[in-house]
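Hi everyone, thanks for making the time. Have a look at the model on the screen, and I'll talk you through a few things in it.

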Number of protein chains: 2
Amino acid sequence: MSQSPGELVTALIKANEDRDIDALLAVLSEDARYENVPMSVLTGHDEIRSMLEGFLGSAKEVTWEVLHQVEQGNVVMNERVDRFVMADGKKVSIRVAGLFEISDGKIAVWRDYFDLAEFTSQMA
Amino acid sequence: MSQSPGELVTALIKANEDRDIDALLAVLSEDARYENVPMSVLTGHDEIRSMLEGFLGSAKEVTWEVLHQVEQGNVVMNERVDRFVMADGKKVSIRVAGLFEISDGKIAVWRDYFDLAEFTSQMA
């Protein structure tokens with residue numbers, strides 16, 4: 001059974017919350033482009049796994065609240081509050097808007113828009 | 001003839017490009033909430049007009065390139081590159097994701113997500 005674009009994105013959010021990198025990569029195409037717009041562009045499973053193992057591995061709780069999600073054709077966008085409890089107990093909350101392009105039943109492009117200082121000031 | 005949610009947002013984008021604040025307010029509800037997420041929240045026509053007269057008034061060219069726009073129910077989201085040529089000739093380009101909630105045929109909520117430093121570093 002193939003998943004709709006919106007279902008693929010929902011599965012991606014859940015995989016982040018579960019810190020399950022295999023489940024996350026399962027919905028991304030092999031050459032997926034994952035861009036944290038003010039930070040970095042990662043391309044392909046190896047780069048994405050490497051970054052996420054570091055980042056999600058440093059969090060003990062991940063909760064991404066989806067405020068809105070809209071889908072049309074092969075594009076999905078959502079508005080979220082991404083919350084993390086880091087290993088040392090620090091809580092981080094980032095307001096995010098995400099864009100996802102779906103191709104051949106996988107997420108091929110993922111761009112998250114947020115204010116970098118909102119993130120770094122809480123991580124400091 | 002009432003406009004669809006997507007048409008209202010397209011009219012809002014065009015009003016920004018035209019620096020036509022009356023046309024812009026015409027598609028926003030009286031008590032609209034306009035949030036530049038890392039910067040400020042403005043509520044209602046007076047606050048929005050006051051900010052935009054200052055900001056759009058300081059630009060001599062405004063071009064907002066819409067990369068994607070998706071709409072579902074009363075919510076529209078888009079991914080844009082907002083370009084400005086300021087009065088002194090300085091060029092500013094900001095990568096933005098926008099969220100719009102439509103109520104009673106007007107835009108009632110407008111939230112733009114972007115990296116504040118990307119904006120301020122170019123304005124400096």
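Let me begin with a question: which of the residues of chain B comes closest to the rotation axis? It is Asp115(B), with its C-alpha 2.1 Å away from that axis. Keep in mind that this is a predicted model.

Now, the axis itself. Chain B superposes on chain A through a rotation of 180° with 0.0 Å of shift along the axis, at an RMSD of 0.0 Å. That is how a two-fold axis relates its copies. The same surface serves both copies, since 100% of the contact residues of chain B recur in chain A.

What does that contact consist of? On the chain B side, 19 residues are in contact with 19 residues of chain A. The elements that each give two or more residues to this side of chain B are β3 (59–72), β4 (75–86), β5 (91–103) and α4 (116–123). By type, the chain B side divides into 12 nonpolar, 2 polar and 5 charged residues.

One residue I'd like you to click on is Val96(B), in strand β5 of chain B. Is Val96(B) buried or exposed? With 24 other C-beta atoms within 10 Å, Val96(B) is buried; the cut-off for that is 20 or more.

Next, helix α1 of chain B, residues 5–17. At 1.5 Å a residue, its 13 residues should span 18 Å, and the end C-alpha atoms are 19 Å apart, which agrees. Its buried residues are Pro5(B), Leu8(B), Val9(B), Leu12(B), Ile13(B), Ala15(B) and Asn16(B). They cover an arc of only 160° around the axis of the helix, so they sit on the same side of α1(B). Their packing partners in chain B are α2 (21–26), α3 (44–57), β3, β4, β5 and β6 (106–113).

Finally, the core. In soluble globular proteins, nonpolar side chains tend to be buried together. Here the largest nonpolar core has 50 residues, and Ile107(A), Tyr113(A), Ile107(B) and Tyr113(B) touch the most other members. Setting aside neighbours within four places in sequence, Ile107(B) has contacts including Leu8(B), Val9(B) and Leu12(B), along with Phe100(B) and Ile102(B).

Happy to take questions!

Terms used
Residues are numbered from 1 along each chain as its sequence is written. Chains are lettered from A and ligands numbered from 1 in the order in which they are written. This is a predicted model: local features need pLDDT of at least 70, side-chain atom pairs count only at pLDDT 80 or more; totals for chains, interfaces and linings use all residues. Two residues are in contact if their C-beta atoms, placed from the backbone, lie within 7 Å. Helices (H or I, at least four residues) and strands (E, at least two) are DSSP runs, numbered from the N terminus. Ala, Val, Leu, Ile, Met, Phe, Trp, Tyr, Cys and Pro count as nonpolar, Asp, Glu, Lys and Arg as charged, and the others, Gly among them, as polar. The expected span of a helix is 1.5 Å times one less than its number of residues. A residue is buried if 20 or more other C-beta atoms lie within 10 Å of its own, exposed if 12 or fewer, and partly exposed in between; C-beta atoms are placed from the backbone. The arc is that of the directions from the helix axis to the C-beta atoms. Copies are superposed by least squares on the C-alpha atoms of residues with pLDDT of at least 70 in both. A nonpolar core is a set of buried Ala, Val, Leu, Ile, Met, Phe, Trp, Tyr and Cys residues joined through C-beta atoms within 7 Å.
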